[in-house]
Amino acid sequence: MREGGVASSLTNEELQYCAENETITIIPNFSTASLHLVNGEYGPFRAQNEATVPFWLASLLRKRNLCRVKPPEWMKSEALIAVLAEEKRSPNEWQELPHHYIEVAKLMFTAAEEDFAEFDMDVHEIRRLIDDIRLVRFDKIEKQFKQVTSAMTIRLTNFCAMELNLMRNFLLSSLDEYYKFSTAEESGDVQQQRQTQEMDEDESQDFQVRQLR
Amino acid sequence: MATDFARTATNLLKELKTHLEANDLGGSLGSVGGGSGYSGGDGGVLGGLLRDPGQALPQFKEEEVRRCLQEVAEHYESLVSILDAFRDQGVAWEGRPEVASSVLIHHQALLRNKRLLMAYQNMRLERVKAFRWKCGRLPRSTQEKLSSPEKDFVKRYEKMLAKYQKQAGVDLTVGFYPPSENMLKVRVVEDLGTMEFDYIGEADLQVGTVHLLPHEDAERLIIEGKLEHLAN
Amino acid sequence: MAKYYDVDDILAEEETLPTVFNTSVYGLGRALDPSCDSKDLPVGSNVNLPFWLADFLSRRKMLKPHLPKFLKKKLRDELQGEAECVDLRDRCKFFYELGRKLCTLQNLDGSEDLSAFLLNTFTSRFTGMLTTSHICSNEKRQNYTKVLSNEELELFVRAQASSKAFEKWIYSKGLKISSRIKRNKRKREWEGQEFRFRTRPVVSA
C-alpha cells in the first residue's frame, strides 16, 4: 500500500491527546494554592468548590481520588435526546456538537464513570444516546457519499474531529481516484489535439521519430 | 503470446511486492490517520502483518539482477550494431521505418529494464528505512539478505541518524505515542540482563518479570519487541 | 517524475493489449512474436504487447493498438448491467489504471466512450462498496475483496483500517504500546471481537 500518498492526519490516540486540553469542571476534595504549570495556572482549589481545569489534569486528580468530575452540560440526557431528534429530523445537516464530543465522552466514561450518578445522570443512558447520535450522523455521511460521482467538494459542516478522522483516509482516497479519472480524460483530449496539430504540420512525414542520441 | 522483454525484472518486482505485502509493517507511524492503530496495527485486509522480523525483507536477488543488467547490455549492443550496420551502408536509420522501429524497441526495452530495477532497489530501501523507524534496527538475519551496497546504505543511514540525533539532543525513534503516564508497566519478553534507567536506577530485566520503567526507554524496548506493555 | 518509482503504475503498464504493426521490424521477429519464423517481423503482424511498449510505438504510428479483451464492447455491455458484482480482479488487476492509460492512446478503436464507461463502472461499484449493513464476517470480506480491482482494494483496505483503528480506540481502556512485530504465540486480541460492538465500519461488504 502506498504511504503518505494521502494527506496525513492524526491518529485517534493523538486526537484524544488534543481533546485532553479541553477544560472541564471538577469538584476537588482538597484545598491548595494555584498550580503554576508550563501551559498555565490552575486553581486555587478549595474543597467542595468547583474549579475549571484541562481534562488531563482532571483525570490525573480523579485517578488519585482527589476530585469528582462534573459531566459537561451538553452530556445531559435531555440535551442529547434533543440533539438526537434533530439529527434524525434533518437528513442533510449535522447538529452542532463540541468538536471533540466523541473523545470527551470517551474520556469521561473511562476516567469518571462513577461520577455521573452524583450529578443525577444515568451513565448507561448517556452512553447509549451518544452512540446513537454517532451512528445517525454516520449514516448521513454515508448517504452523502453515495452521491459522489466526481472529484467534487462535499460539505461537512459541523462534522467533528473524530468523525473526520474516521472518514479522512477513505474520503480523500476516493476523491483522489475520481480526480485521476478526470485528469485521464483531460490528458486524452489534450493529447488528441496536440497530435492532430502535429499531424497537420508534417503530414509528409510518415513517422515521428525522436532522436535517440 | 506476448514478448519476453523485461520479463525477469518484472517478476523480480512482482515477487518483492508480494513478499512485502505479506509481511506488512502495519500502518505508517504517526500518520495515515486512523489507519494506524497503536496496538501494532492490523495489517492489511489481505496482506499479513510481519511476524518474523527475519522476513522483513527477502534476499537480494543477485542472480536475477545480473540477468537484467545483461539484458540491458544485450539491448544496447543490438542497438549499436544496428546503428553501425546502417551507417556503414550510408542509410539514415530515421528514414527507414523497419530500422527505426527496431532501434526504438531496443531502446525502450532497455529503459524499461532500468526503471524496473530502479523501482526494485527503491522499494527495498524504502522498506529498510521504514523498518528502522517502526521496529528499530534490522535483525542480523535480515542484514544478511542485503546486497553489499545496501549494507553500506544501512550503515550510513544509521550514522546519519545518530549524528543528527546527537546534534539535536533527542531520540527521534521514540515518542510516537502521546504521553499518558511517566512510567509504563511492562513485562519482559526477552532476557535483557541488568539495565540502567533514569529515576529508578538499575533494573534486572529477566523474562517474565514485571517492571515500572520510564516511558521513553520502555517505549523503545517495547517497539523492538523485547518488552510487553501491560495496560493499567 | 513522481510516478517513476510507483510500483502499481509500473505493473499496470505491464498488462498487454493486442496490436497490429504498421511497419516491419528489423531483426526482432522472434523477440516480438514467438510464433514468427522470419528474422524480421513482417508488416501487419498481430502481436500482444505490454502497454509500455504499445503506448510508445503507437504514438509514433508504428502500430495500431486494440482494446484488450476485457474492455471489448461485448464485455463492456455485460459489465454495465451487473457492475457491482463482476470480478474485475480476474479481468485485470489494474482495471482502472490501465483503462485510464488506454484513454490517452489515440487511434484506439472503440475508446471514445471508454473513460465514461470506466467512470460509470467505478461509481456504481463505489456505491456498492458503501452499501453498508453491519460489520461483515472475515469470510464474507475475503470473498468480497477477491473481486475488487487493485484501485478499489486499496480504498477498501484504507476504509477498513480506519474503522478498525476507531473501534480499537473507542473500546480501549488506555493507550497500549505494542511492537509491530507480532509474536506468533500471542493471541491476536482482535479476533472474534467483531460482533460484540455496536459500531459501523466506514465500508463493509
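Predicted model: local features only at pLDDT ≥ 70, side-chain atom pairs only at ≥ 80, totals over all residues.
Let me begin with chain A. Strand E1 of chain A covers residues 23–28, and its side chains alternate between two faces. Ile24(A), Ile26(A) and Pro28(A) point to one face and are buried.

Which strands pair with E1(A)? One is strand E4 of chain A, residues 51–54, which is antiparallel to E1(A) and joined to it over 4 bridges. Here Thr23(A) has Pro54(A) as its bridge partner. Another is strand E5 of chain A, residues 67–70, also antiparallel to E1(A) and again paired over 4 bridges. In that pairing, Lys70(A) of E5(A) stands opposite Thr25(A).

I turn now to chain B. Its domain assignment gives domain 1, made of 1–17 + 55–168, and domain 2, spanning 183–229. The centres of these two domains, taken over C-alpha atoms, are separated by 42 Å.

Chain B also holds an open sheet of 3 strands, in the order E4-E1-E5, with antiparallel pairing. Why does one side of E4(B), and likewise of E5(B), lack a neighbour in the sheet? Strand E4 (210–214) and strand E5 (227–229) of chain B stand at the edges and each has a single partner strand, so one side of each is left without a neighbour. On average, neighbouring strands of this sheet are turned by 45 degrees against each other, direction ignored.

Within this sheet, strand E1 of chain B, residues 183–188, runs antiparallel to E5(B) and is joined to it by 3 bridges. Arg187(B) has Glu228(B) in E5(B) as its bridge partner. Helix H6 of chain B, residues 215–223, packs on the sheet and touches E1, E4 and E5 of chain B. The direction of H6(B) makes about 120 degrees with that of E4(B).

Finally, chain C. For residues 5–57 of chain C, an unreviewed UniProt entry lists "domain: DNA replication complex GINS protein PSF3 N-terminal". That span is 32% helix and 21% strand, and its end C-alpha atoms lie 22 Å apart.

Chain C is divided into domain 1 (1–66) and domain 2 (68–168), with C-alpha centres 26 Å apart. Each of the two domains gives 11 residues to their contact. On the domain 1 side, the elements giving two or more residues are helix H1 (7–12), helix H3 (51–59) and strand E3 (63–65) of chain C. By class, that side has 5 nonpolar, 2 polar and 4 charged residues.

Definitions and conventions. Residues numbered from 1 in each chain as written. Chains lettered and ligands numbered in written order. Buried ≥ 20, exposed ≤ 12 C-beta atoms within 10 Å, placed from the backbone. Pairing = 2+ DSSP bridges. Domains from an automatic or database assignment. UniProt positions renumbered as here; feature names shortened; annotations may be inferred. Axes fitted to C-alpha atoms, helices over the stretch in contact; angles between N-to-C directions. Contact = placed C-beta atoms within 7 Å. Nonpolar A, V, L, I, M, F, W, Y, C, P; charged D, E, K, R; others polar.
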